[in-house]
Amino acid sequence: MSRGRFITLEGGEGMGKSTQAKLLADALKAKGIPVDLTREPGGTPGSEAIRALLLHPPGEGWDREAEALLFAAARSDHVARRIRPELESGNWVVCDRFIDSSRAYQGIAGGLGDKHILALHDLGSHGLLPDLTIVIDAPLQDVSNRLAIRDAAGSDAIGRRANEYHASVNAAFLAFAKADPKRFQVVDGAGEIDEVQARVMQAVAPLLESS
Ligand code: TYD
């Protein structure tokens, strides 16, 4: 049996990634492809427990090194217990955020640097990289309404960081895509959900043709 394909969706806050990840998984299933839809941080019981610690930190919160280590630990469990076994059994995996979120948030916006984040990924997840990473991009001001609705009940420890932090995250995703056009596809997040979905399906088409 051939290995399944690994697709990640990335982008800043409020880009509609989770909606698009679900629509993508449904569309692949409709083509008869077995798909596991998952998310980060999370995806296994241990990683979901770490997610709660990261997004709603006890006490005074994590310093940036501890935060990066916790994201890497959550990913390590997720890769070992869920993502690799799924891929090895021939299933496709669609994941809402993955290593590029750690590179953008902790590495670039948080200032730890790409080298350290990739070193943690080498150790924690044996450097597993997606076959395709879709970056959903929209200007920060365009997503502010969506964020206001989503965060009406209170944003999490990372979502509530300053606008400059989030602008730096968004710029980092675009820079990663530019540096590695073989793995990344940037999709315009503007417009209606079905318009964005059509762009996502276009981005996935080469993977479908080669499988
Ligand atoms: P989530 O509610 O899933 O955010 P979103 O809906 O924007 O995807 O919360 C995940 C938060 O964690 C989000 O602010 C991005 C952040 N994050 C990192 O900082 N580093 C990471 O490696 C990952 C996976 C997420």
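## Nonpolar cores

The largest nonpolar core in this predicted model has 23 residues, of which Ile7, Leu24, Leu28, Ile134 and Val204 touch the most other members. A nonpolar core is here a set of buried Ala, Val, Leu, Ile, Met, Phe, Trp, Tyr and Cys residues joined through side-chain atoms within 4.5 Å; buried denotes under 20% relative accessible area, exposed over 50%, and partly exposed the range in between, with a 1.4 Å probe and protein chains only. At least two residues of this core come from each of β1 (6–10), α1 (17–30), β3 (92–96), β4 (132–137) and α8 (193–209). The greatest contribution is that of α8, with 6 residues. Helices (H or I, at least four residues) and strands (E, at least two) are DSSP runs, numbered from the N terminus.

Beyond its neighbours within four places in sequence, Leu28 is in contact (heavy atoms within 4.5 Å) with Ile7, Ile33, Val35, Trp92, Val94, Val204 and Leu208. A second, separate core comprises 17 residues, among them Leu55, Ile158, Val169 and Phe176. In soluble globular proteins, nonpolar side chains tend to be buried together.

In β1, 5 of the 5 residues are buried. Phe6, Thr8 and Glu10 point to one side of the strand, while Ile7 and Leu9 point the other way.

Strand β1 runs parallel to β3, to which 4 bridges join it; two strands are taken to pair if DSSP finds at least two bridges between them. Within this pairing, Leu9 stands opposite Asp96. Strand β1 is also parallel to β4, again with 4 bridges, and there Thr8 has Thr133 as its bridge partner.

## Ligand surroundings

Around the ligand are 15 residues, of which Glu13, Arg75, Arg97, Ser102 and Gln106 come nearest; a residue is included if one of its heavy atoms lies within 4 Å of the ligand.

The ligand taken alone exposes 540 Å², of which the protein buries 92%. Accessible areas follow the Shrake-Rupley method with a 1.4 Å probe, and for residues only the protein chains shown count as cover.

## Backbone features in loops

Most residues other than glycine have a negative phi, and most peptide bonds are trans. The peptide bond from Glu40 to Pro41 is cis, with omega near -10°. Pro41 is located in the loop between β2 (35–39) and α2 (45–55).

Arg97, a residue other than glycine, has a positive phi near 80°. This arginine is placed in the loop between β3 and α4 (99–109) and is buried, with a relative accessible area of 14%. His126 likewise has a positive phi, of about 50°, and is found in the loop between α5 (114–125) and β4. At 64% relative accessibility, His126 is exposed.

## Basis of the values

Residues are numbered from 1 along each chain as its sequence is written, and side-chain values use heavy atoms, with hydrogens and water left out. Because the model is predicted, local features need pLDDT of at least 70 and side-chain atom pairs count only at pLDDT 80 or more, whereas totals for chains, interfaces and linings use all residues.
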